[in-house]
Amino acid sequence: MNTLDPYTLFMIVLTVLLIVYMYLETRKRPTRTEYVTRELLVCEGCGFQVERDFEPGDFIGLVKGKCPRCGRELKIKGIYSVDKSKVLKAS
Amino acid sequence: MNGDTISLITQIIWLIIFILLITGLNTKIQMRIWAMDIRNKLNLIKRIIDEDRVRVEKMISNLGYQTPSVLVGRVLDFFTIEPVSIEPIDIIKRLDHMIRTSEATVRRFVESSLPNTGKFERSLVETSIEVLAGLNLIYKVIRHYLLTGEKENNWVLLMQLELLMPTIMRYVETYHMALDPFMSGKPVGDSVGPLVVYNLLEKSKVVSKRVIEDTSVFETWLEDRRVFFVKAEGPGSNVGHPGAVIRKLVEELKGNVDLIVTIDAALKLEGEETGSIAEGVGAAIGDPGPEKIAIERAAAEYGIPLRALIVKMDYREALTVMKKEIFEASRRAVDYVLKLIKEETKPNATVIVAGIGNTIGVPM
């Protein structure tokens with residue numbers, strides 16, 4: 001059996017590397033951030049703020065519960081999406 | 001492997017390349033690869049549409065309509081023909097008429113199918129079906145060009161389509177994601193204008209409120225000025241007719257207005273930060289024309305300074321649930337508008353502030 005000459009060996013290695021590179025490139029998927037919808041509740045009296053998960057039917061300005069600090073109404077001031085990983089980290 | 005074998009293989013490869021080139025077979029192979037890739041993506045779009053259609057039909061049936069597919073099918077293929085543009089006389093009037101007729105017709109379809117449902121839920125149904133119709137239109141147009149390209153062996157058409165597919169897929173994904181806020185009533189990025197006005201209203205002393213053409217008009221006192229706030233009536237999915245209403249308001253006030261400020265979401269350029277605020281001159285409103293021109297005409301006729309404030313975001317952020325950065329920008333925009341009013345007018349002046357955009361999730 002003849003041994004491979006350096007040029008042929010180089011070409012084979014190059015071809016294999018090219019195929020592996022092309023395979024990895026096609027498998028590459030862009031990373032996607034997952035978002036969750038949160039709502040910001042603010043007490044009109046003492047300014048207490050709390051962030052909670054959005055519930056269907058909620059809208060900005062809706063009065064939702066009482067302030068744990070002063071007992072006045074908590075109002076939804078904002079509904080927004082945040083990076084899910086940040087919420088998990090904070091909780 | 002000796003030198004002769006390598007030389008033979010190289011010659012065969014060159015021969016194959018030569019035959020492919022002179023017969024044009026290489027282009028045909030390339031065309032097949034492009035068509036295959038486009039078809040795969042088209043199938044993905046179809047799956048998304050089918051999934052979204054089931055979601056929308058379920059939403060409608062939960063509201064009490066037993067045959068949602070009839071309503072969805074009717075609105076899905078609904079179209080509006082643009083007015084003749086080679087004759088520009090009255091084009092705005094004609095365009096406005098077409099838009100209003102289109103809106104009223106879709107609204108009537110939904111209303112007749114869901115007579116016992118509230119205005120808020122009906123507006124969500126209307127917009128959800130419109131989002132679905134947008135997706136369906138993209139699907140049909142792509143399919144048309146793919147089949148035309150294949151039928152006519154038009155490789156240029158297929159190549160253009162293949163190159164455009166990543167952008168088109170991003171639009172499809174955006175529309176798919178937009179269904180969530182429009183089905184559940186969450187504010188979207190485009191709601192930033194109405195949100196700023198809502199927050200300004202909370203700081204003002206409201207004198208009166210009325211609703212004209214689905215648009216709320218509030219007469220208030222703020223920072224010793226008489227301020228009229230204009231926004232689409234919320235919290236349903238609604239953009240209202242702010243241009244027509246501002247024009248009416250200016251005429252009612254006989255042109256005695258010292259400043260008009262419009263606040264809207266604007267598409268950012270790549271590299272710009274989401275939620276950054278910029279001010280300028282003009283009417284910040286992205287309608288097809290009638291609303292914008294109404295504001296411009298009213299301001300120009302009476303010489304009223306027309307100022308604009310924009311909150312920057314990309315296309316996806318404008319149509320999907322409002323991001324926290326945009327919400328925080330809305331708070332900064334409130335202070336910006338107050339600063340603008342104080343700088344541009346004197347106490348007792350009359351000012352019109354309009355929050356432009358879809359007011360979904362934002363009341364009043």
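Which residue stands opposite B:Ser208 in strand 2 of chain B? The residue opposite B:Ser208 is B:Glu219.

## Basis of the model

This is a predicted model, in which local features need pLDDT of at least 70, side-chain atom pairs count only at pLDDT 80 or more, and totals for chains, interfaces and linings use all residues. Residues are numbered from 1 along each chain as its sequence is written, chains are lettered from A and ligands numbered from 1 in the order in which they are written, and side-chain values use heavy atoms, with hydrogens and water left out.

## Hairpin in chain B

Strand 1 (residues 205-212) and strand 2 (residues 215-222) of chain B pair in the antiparallel sense over seven bridges. Strands are DSSP runs of E with at least two residues, helices are runs of H or I with at least four, and both are numbered from the N terminus; two strands pair if DSSP finds at least two bridges between them. The hairpin has two residues between its strands, and B:Glu213 takes a positive phi near 50°.

## Sheet in chain A

Four strands of chain A form an open sheet with antiparallel pairing, in the order 2-1-4-3. Strand 2 (49-53) and strand 3 (63-66) of chain A each have a single partner strand, so one side of each is left without a neighbour in the sheet. From one strand to the next, the twist averages 40°.

Strand 1 (residues 35-43) and strand 4 (residues 73-83) of chain A run antiparallel and are joined by nine bridges. Within this pair, A:Arg38 stands opposite A:Tyr80 of strand 4.

## Interface of chains A and B

Axes are lines fitted to C-alpha atoms, for helices over the stretch in contact, and angles run from 0 to 180 degrees between N-to-C directions. The contact (heavy atoms within 4.5 Å) takes 20 residues from chain B and 24 residues from chain A. The two chains bury about 1,800 Å² between them, 58% of it on carbon and sulfur atoms; buried area is the accessible area (1.4 Å probe) lost on putting two parts together, summed over both.

There are three salt bridges between chain B and chain A, a salt bridge being a side-chain nitrogen of Lys or Arg within 4 Å of a carboxyl oxygen of Asp or Glu. A:Lys75 forms a salt bridge with B:Glu202, with the closest N and O atoms 3.0 Å apart. On the side of chain B that touches chain A, helix 6 (155-184), helix 7 (192-203) and helix 11 each supply at least two residues.
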